[in-house]
There are 2 protein chains.
Amino acid sequence: MPEATTTRPARVTLRHVAERVGLTPAAVSMALSGSSRISEKTKVAVREAAAELGYVPSSAGRALRRQQSGAIALIVPNTTHHVFGHLYFMHVLTGVASVANGQDAQLLVSTNADEADGITAYERVLRSRSADGAIVTSAAIGDPNVERLTTSGLPVVLIGRFPEFPEAPSVWIDDVASSRAITEHLLQVHGRRRLVHVTGPLDHQTAVDRREGFLAAVRAAGIEHDCLMVEGDFSEQSGTDAADAIRDWHADGVVFANDDMAFGGMLALRVAGVDIPGQVSVVGFDDFGLARSTTPGITTVHVPAESIAETAAHLLFALISGGVAPVAPTPEPELRIRESCGCRPAPS
Amino acid sequence: MPEATTTRPARVTLRHVAERVGLTPAAVSMALSGSSRISEKTKVAVREAAAELGYVPSSAGRALRRQQSGAIALIVPNTTHHVFGHLYFMHVLTGVASVANGQDAQLLVSTNADEADGITAYERVLRSRSADGAIVTSAAIGDPNVERLTTSGLPVVLIGRFPEFPEAPSVWIDDVASSRAITEHLLQVHGRRRLVHVTGPLDHQTAVDRREGFLAAVRAAGIEHDCLMVEGDFSEQSGTDAADAIRDWHADGVVFANDDMAFGGMLALRVAGVDIPGQVSVVGFDDFGLARSTTPGITTVHVPAESIAETAAHLLFALISGGVAPVAPTPEPELRIRESCGCRPAPS
DNA sequence: GCGTAATGGTTAATCGATTAAGCACTCAAT
DNA sequence: ATTGAGTGCTTAATCGATTAACCATTACGC
């Protein structure tokens, strides 16, 4: 039984196209890449045949020959701390994906911290050259993997501030200044004096910096000995857990290190009969979406995660191709004033 | 100047390991894969050398030889309709990633709808064999790309119902039954009689099915000629836009086809002075996170996106390795009763 | 008419891992 | 002693794309 003439093989390679037009694979390759050594007539014939057969170059073959995969990886080392599956990650993914699309690069998402032979799965992504470079986000302070990746000589861009690695290409916002600014909002605009700060997990630089900003503000106001620090972990639950301490201490203002905790805290305070913002002004941090959907809306610091991610991606592509890492500008902090601090009346 | 003896080449290949132990690359490959034709002593030596040099197999070399990439792709054809960058996607990503990790597979995320040579970027992912299979989510009805992918012979699993392709492996929930159930909640528990349904974009099967479920419920109640249909597009804005029509029509219950629209609608109704749930009962659909953060919390249908995604991923791996597609069970609809329908008093 | 350029390809090598087939060499059984 | 089976590796081919080096033609200048 003869093959149907329209049968196209499951995998169309250069050779199939070459046979179709009566050339060698080499010629077809050159034709498709627009080499000047191939006649215009042949190029047209090759392009037609390729289109008819549905030829798409094998990424493996090409990667092997070119010594680069055409993909970048987005790595999240820290799956334990509610990071992956968080709104933050969505924004980062959106930003990175849009830049990757613009560069015709594939995007690999890697979150697996399993170790085999002492190498984590996401380090393996780089060492196996599945990706030409990586963006690492949400890493903890002192994470040995971060050091390994940044010193491996492979193109890696960090999202977040890593004082331990001042040389490592990284993109961050000024958490200290932002946190200070929003704390000062409570102090200066609303005249709050008994402040609580609910921190994030202090093994993350972001949490440390936001605490630092808070402290700078209260120090400047001369009330640094009269405020309460509660350690949270960025989870809504830890915000809820902080509510008792906040009430017992008779706070009139709370700076949560992120919106999730602010939300959890607000709910718990409300259940306990505390009026927000009447009795207690509440502010958060991040503005990834939650803060505007609650009632009252949470006054917060807008973290432009998507644009940070875009910057990181551009930086990564620059590293991959050029080697020179342009310095990324740090965006200015931007407060989003809503109702939880007492600025506007809640709608209703 | 002599090279430092500890210098390890940037890219360690089989040959480097082979030279180190005085063998051929072939022997090293066999040793690392545990072949019985290699002596135990040699295997130990090889493993040691590989670990010392930090050898990780080249994914390109391996992919070329094995004719599979060891990666799967998560494809979102539809970037226009607020899909990527949505909470839904986060859940899907989490589910797929966890299964992929379990299978030691890389995860490619592809959202680029750009066409070149009549092939979209995400079809290219499959045809270039960058991925061994794909999960497609959020595709529109009649999207030609879906047909192309499902009939291409490549392993593809769809998330969502596609009546046009009854043979295509797919995973979905029963939107019709779920939507009917939540509509009946308004009718039976709350005695609502003047219902509005705000649909999603009707080029998506999900939106069509949810409308169908709504209609089934009102039909069963004998009030199908006395309800209002408003076409939305799943966006918060379109929910907001529906508010005027809802009020003008003097509705006492609204079934929004998703939570985003319900949120937008609730805000707008509240601004217009409508009491929810006092005057109007509101319900949504999805429960991806937003519904529980609002005040009042939105009564909704819980869509187990993460577990759907996991099922889809398992199905995909079965297709890739076995070829047999196990039929996936359809999860039962689950209502999440909150305050927006009038069931519980809002906390305050 | 003859060297010199173009023109338009082909040949062969390469990227790294894998595996079938082959080849020494040892040991045991007939 | 001689075949037979193991044992433990090496050789060589392969996956697909790319590119440097090479080889035929034809065209052209003087």
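In the predicted model, the surface near DNA strand C is made up, by class, of 11 nonpolar, eight polar and six charged residues. A total of 25 residues surround DNA strand C, and the closest are A:T42, B:L14, B:Y55, B:R62 and B:R65. Sugar or phosphate accounts for 60% of the atoms of DNA strand C within 4 Å of the protein, and bases account for the rest. Both chains contribute to this surface: helix 2 (25-32) and helix 4 (59-66) of chain A and helix 2 (25-32) and helix 4 (59-66) of chain B each supply at least two residues. Helix 4 of chain B gives the most, with five residues.

A polar side-chain atom of A:R37 is placed 2.7 Å from a base oxygen of DNA strand C, and a polar side-chain atom of B:R37 is placed 3.2 Å from a base oxygen of DNA strand C. For B:R66, a polar side-chain atom lies 3.2 Å from a phosphate oxygen of DNA strand C.

DNA strand D is likewise surrounded by 25 residues, of which the closest are A:L14, A:Y55, A:R62, A:R65 and B:Q67. Of the atoms of DNA strand D within 4 Å of the protein, 59% are from sugar or phosphate and the rest are from bases. The class composition of the surface near DNA strand D is 11 nonpolar, eight polar and six charged residues. A phosphate oxygen of DNA strand D lies 2.4 Å from a backbone N or O atom of A:L14, and a phosphate oxygen of DNA strand D lies 2.6 Å from a polar side-chain atom of A:Y55. At A:G61, a backbone N or O atom is 3.2 Å from a base nitrogen of DNA strand D. Two or more residues of the surface near DNA strand D come from each of helix 2 and helix 4 of chain A and helix 2 and helix 4 of chain B. Helix 4 of chain A provides the largest share, five residues.

At the start of helix 4 of chain A, a side-chain oxygen of A:S58 comes within 3.3 Å of the backbone nitrogen of A:A60. Just after this helix, A:Q67 adopts a positive phi of about 65°. Elsewhere in chain A, the axes of helix 1 (residues 14-21) and helix 2 come within 8 Å and cross at roughly 95°. Helix 1 and helix 2 of chain A are therefore roughly perpendicular to each other. Their contact involves A:L14, A:R15, A:V17, A:A18 and A:V21 of helix 1 and A:P25, A:V28, A:S29 and A:L32 of helix 2. By class, seven nonpolar, one polar and one charged residues form this contact.

An open sheet of 10 strands with mixed pairing has the order 7(A)-6(A)-5(A)-1(A)-2(A)-2(B)-1(B)-5(B)-6(B)-7(B). Strand 7 (170-171) of chain A and strand 7 (170-171) of chain B are at the edges, each with a single partner strand, so one side of each has no neighbour in the sheet. In chain B, strand 1 (residues 71-75) pairs with strand 5 (residues 134-137) in the parallel sense over three bridges, and B:I75 is opposite B:V136 of strand 5.

Helix 13 (residues 305-321) of chain A lies across strand 1 (71-75), strand 5 (134-137), strand 6 (156-159) and strand 7 of chain A, and runs at about 165° to strand 6 of that chain. In chain B, helix 13 (residues 305-321) lies across strand 1, strand 5, strand 6 (156-159) and strand 7, and runs at about 165° to strand 6 of chain B.

Conventions. Residues numbered from 1 in each chain as written. Chains lettered and ligands numbered in written order. Predicted model: local features only at pLDDT ≥ 70, side-chain atom pairs only at ≥ 80, totals over all residues. Heavy atoms only, no water. Near = heavy atom within 4 Å. Polar contact = N/O pair within 3.5 Å; in protein donor to acceptor, adjacent residues only side chain to side chain. Helix = DSSP H or I, 4+ residues; strand = E, 2+ residues; numbered from the N terminus. Nonpolar A, V, L, I, M, F, W, Y, C, P; charged D, E, K, R; others polar. Pairing = 2+ DSSP bridges. Contact = heavy atoms within 4.5 Å. Axes fitted to C-alpha atoms, helices over the stretch in contact; angles between N-to-C directions. Parallel < 35°, antiparallel > 145°, perpendicular 65-115°, else oblique.
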